[in-house]
There are 2 protein chains.
Amino acid sequence: MSADPQIGAAGLTGGTRELAGAGSQPAGGESEALARLEQLLPVPPAGQVWFGDDAAVVAVPGSRDGSGSTKRLLLASDCLVAGMDADLRLTSLADLGWKAMAVNLSDIAAMGGRPSYALVSVVGLKRPELEELYSGILEAASRYACPVVGGDLSGGHEGVVSVAVVGWVDGAPVLRNGASAGDAIWVTGELGAAAAGLRLLKEGGSVARSSPLARAHARPVPHLVEGEVARAMGATAMIDVSDGLTADLGKLAASSGVGFELSRAELPIARGATLEEALGGGDDYVLVLTARRRHDVAGAFYAAGLPPPYMIGTCTGVSSEHLLDGRPLPALGWEHEL
Amino acid sequence: MSADPQIGAAGLTGGTRELAGAGSQPAGGESEALARLEQLLPVPPAGQVWFGDDAAVVAVPGSRDGSGSTKRLLLASDCLVAGMDADLRLTSLADLGWKAMAVNLSDIAAMGGRPSYALVSVVGLKRPELEELYSGILEAASRYACPVVGGDLSGGHEGVVSVAVVGWVDGAPVLRNGASAGDAIWVTGELGAAAAGLRLLKEGGSVARSSPLARAHARPVPHLVEGEVARAMGATAMIDVSDGLTADLGKLAASSGVGFELSRAELPIARGATLEEALGGGDDYVLVLTARRRHDVAGAFYAAGLPPPYMIGTCTGVSSEHLLDGRPLPALGWEHEL
């Protein structure tokens with residue numbers, strides 16, 4: 001990875017999702033808080049990314065600069081608050097545990113990396129709730145080969161699960177700031193399923209919890225293989241869809257200094273989801289990536305045994321431009337519904 | 001590091017402090033919860049330690065086994081809850097931020113390693129409280145060359161700060177389970193200062209907050225250089241004093257399968273602290289280490305420009321033996337006072 005002045009410039013502003021949690025902090029105070037904190041943080045050395053992307057990119061500890069190794073560690077950290085990031089009347093503590101792992105694994109996926117180890121801190125839960133939470137955590141850890149190697153338990157009045165994941169990448173990770181005007185935009189899966197699932201769960205009914213949409217909400221799937229293939233294929237920028245396509249693609253575009261135009265007809269709206277849910281619902285944890293048009297993106301995914309991603313639009317040279325079929329999109333995604 | 005059957009055997013039981021937070025969970029429920037969780041956790045490969053010590057010991061991600069590298073990563077994670085782990089009427093949010101970093105750095109110190117990067121997740125704090133917390137976090141990060149490279153902010157009803165630190169060690173880290181009967185026991189600093197400081201703060205008065213004891217409580221100092229010197233010198237086992245000397249030395253002894261006898265006359269009780277505070281007060285974050293008697297421990301510390309550690313006793317062959325001047329000590333340390 002070469003030094004890139006945009007990395008520093010992106011700072012915390014580009015990393016709102018990472019320093020902001022899953023939309024559970026009021027947007028106004030959060031933006032101010034982030035802007036103030038940004039001034040306090042030190043500037044990373046060349047080739048590293050501290051804040052401002054899905055995961056931090058750092059040198060392998062103890063390695064000397066100029067050692068010739070291209071390996072970098074990826075560090076991600078996200079915490080979920082029971083009752084704020086999850087409605088435990090609609091989903092289980094096991095689901096919350098799974099999700100706490102998945103959102104961090106998705107951050108590693110969005111850099112094109114592989115996860116290695118997880119640390120888990122839990123506040124305010126005792127048996128049997130603690131075991132239920134851990135069952136979901138360990139299910140995801142096993143499924144994605146990212147063992148929980150340490151952690152902490154603490155008393156408290158509110159359930160909080162905080163996960164940190166250490167991953168790695170050999171070569172250049174895919175950052176948010178590499179897209180150029182003319183690059184095409186892809187997503188690696190359908191959009192709106194998690195938001196539609198939450199809506200179905202709220203509506204209730206006997207089939208709701210077992211529906212594929214409800215499952216998409218309760219058990220998001222990090223696109224780890226997709227992220228690795230995208231990196232190997234030469235994706236120019238990538239981010240995961242946690243706050244909604246419009247919001248997250250907006251962050252990628254802002255970091256890259258580009259605008260974007262999407263085609264409504266090309267959006268892979270999940271069956272049963274609305275356009276609004278596909279654009280702003282959040283929690284889908286598919287990846288949005290950009291690549292030069294000459295790249296055979298579908299071919300690379302096909303060769304890896306993956307379903308081809310969906311090309312949904314194009315990056316434009318006007319950074320203020322966020323268009324759907326030529327008309328302006330809302331500037332920000334929808335707030336997470338709780 | 002060679003494979004050691006005791007590593008696996010120590011499991012969560014040996015790591016109560018790590019999976020237990022700073023004493024803020026009732027002891028009964030905690031032990032049960034830990035025992036149940038332990039059954040769920042996978043067993044680490046040879047040469048790694050998952051749970052059961054101050055920090056996890058893992059291979060550098062992406063490295064192949066048998067690559068000849070002796071470098072290991074150290075991963076520590078601890079969270080503090082405002083109002084439970086700190087009384088904010090007595091200490092500041094900046095102190096809480098400092099402490100959240102210091103307890104994790106102390107975990108790295110207790111393995112004989114060096115810290116590299118920190119991730120910080122904060123729940124339930126907004127400006128200006130968030131900035132005050134971060135000022136202490138960043139002060140410690142700067143002081144100990146462990147930059148905060150990423151993190152998360154989330155809304156919530158209770159202030160929680162969760163820190164994960166990635167460190168490293170080239171060679172064998174010092175575990176808890178390596179002490180043998182006949183090894184001498186050292187501590188790297190005075191005992192009881194933090195507990196005495198908390199007592200003074202509770203008593204109030206104009207000089208309390210500026211006293212060295214109050215400062216020891218508010219701003220614990222991780223013994224990083226001491227830990228490295230102890231490792232290089234050949235310490236056989238090591239742990240940091242977070243829950244009190246009796247409790248933490250008890251964990252080291254249990255992991256190692258030894259007992260211990262302490263000499264009251266040799267205990268370095270901080271000026272103004274009581275014997276009880278020195279034995280059970282906790283939060284001192286000095287290191288307890290064991291070494292063969294033939295080792296010149298004081299000489300190694302002196303050569304590194306450090307004050308010599310205090311030899312306070314000896315490991316015995318009877319694992320149930322926890323003695324002070326020949327009389328039994330309480331089996332567990334004092335509960336943290338809040």
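Author: Of the 338 residues that make up chain A, 60% count as buried. This is a predicted model. The secondary structure of chain A comes to 11 helices and 12 strands. Among the contacts in chain A with a separation of 6 or more, 82% join residues 24 or more positions apart.

The relation between the chains comes next. Chain B is superposed on chain A by a rotation of 180 degrees, with 0.0 Å of shift along the axis and an RMSD of 0.0 Å. That is the relation of a two-fold axis. The same surface serves both copies, as 100% of the contact residues of chain B recur in chain A.

The contact takes 62 residues from chain B and 62 residues from chain A. On the side of chain B that touches chain A, the elements giving two or more residues include helix 2 (16-20), helix 3 (27-40) and helix 5 (129-143) of chain B. Strand 1 (56-59), strand 2 (71-81), strand 3 (114-123), strand 4 (148-154) and strand 5 (160-170) of chain B are also among them. Strand 2 of chain B gives the most to this side, with eight residues. By residue type, the side of chain B that touches chain A divides into 34 nonpolar, 16 polar and 12 charged residues.

Now to the sheets of chain B. One is an open sheet of five strands in the order 1-2-5-3-4, with mixed pairing. Strand 1 and strand 4 of chain B stand at its edges with a single partner strand each, so one side of each is left without a neighbour in the sheet. Neighbouring strands of this sheet are turned by 20 degrees against each other on average, direction ignored. B:Val57 has B:Leu74, in strand 2 of chain B, as its bridge partner.

Helix 4 of chain B covers residues 93-109. Its 17 residues reach 24 Å from the first C-alpha to the last, close to the 24 Å expected at 1.5 Å a residue. In helix 4 of chain B, 17 of the 17 residues are buried, so this helix is largely enclosed by the rest of the structure.

The other sheet is open and has seven strands in the order 7-9-6-10-8-11-12 in chain B, again with mixed pairing. Its edge strands are strand 7 (237-240) and strand 12 (327-328) of chain B, and each pairs on one side only. Strand 12 of chain B pairs with strand 11 (residues 322-324) of chain B in the antiparallel sense over two bridges. There, B:Leu324 has B:Arg327 of strand 12 of chain B as its bridge partner.

B:Ala304 touches B:Val225 and B:Val229, leaving aside residues up to four places away in sequence. B:Ala304 itself lies in the loop between helix 11 (297-303) and strand 10 (310-316) of chain B. From B:Ala304 to B:Glu228 the separation is 76 residues in sequence and 10.0 Å in space, C-alpha to C-alpha. B:Ala304 counts as partly exposed because it has 14 C-beta neighbours inside 10 Å.

Key: Residues numbered from 1 in each chain as written. Chains lettered and ligands numbered in written order. Predicted model: local features only at pLDDT ≥ 70, side-chain atom pairs only at ≥ 80, totals over all residues. Least-squares fit on C-alpha atoms with pLDDT ≥ 70 in both. Contact = placed C-beta atoms within 7 Å. Helix = DSSP H or I, 4+ residues; strand = E, 2+ residues; numbered from the N terminus. Nonpolar A, V, L, I, M, F, W, Y, C, P; charged D, E, K, R; others polar. Expected span 1.5 Å × (residues − 1). Buried ≥ 20, exposed ≤ 12 C-beta atoms within 10 Å, placed from the backbone. Pairing = 2+ DSSP bridges. Axes fitted to C-alpha atoms, helices over the stretch in contact; angles between N-to-C directions.
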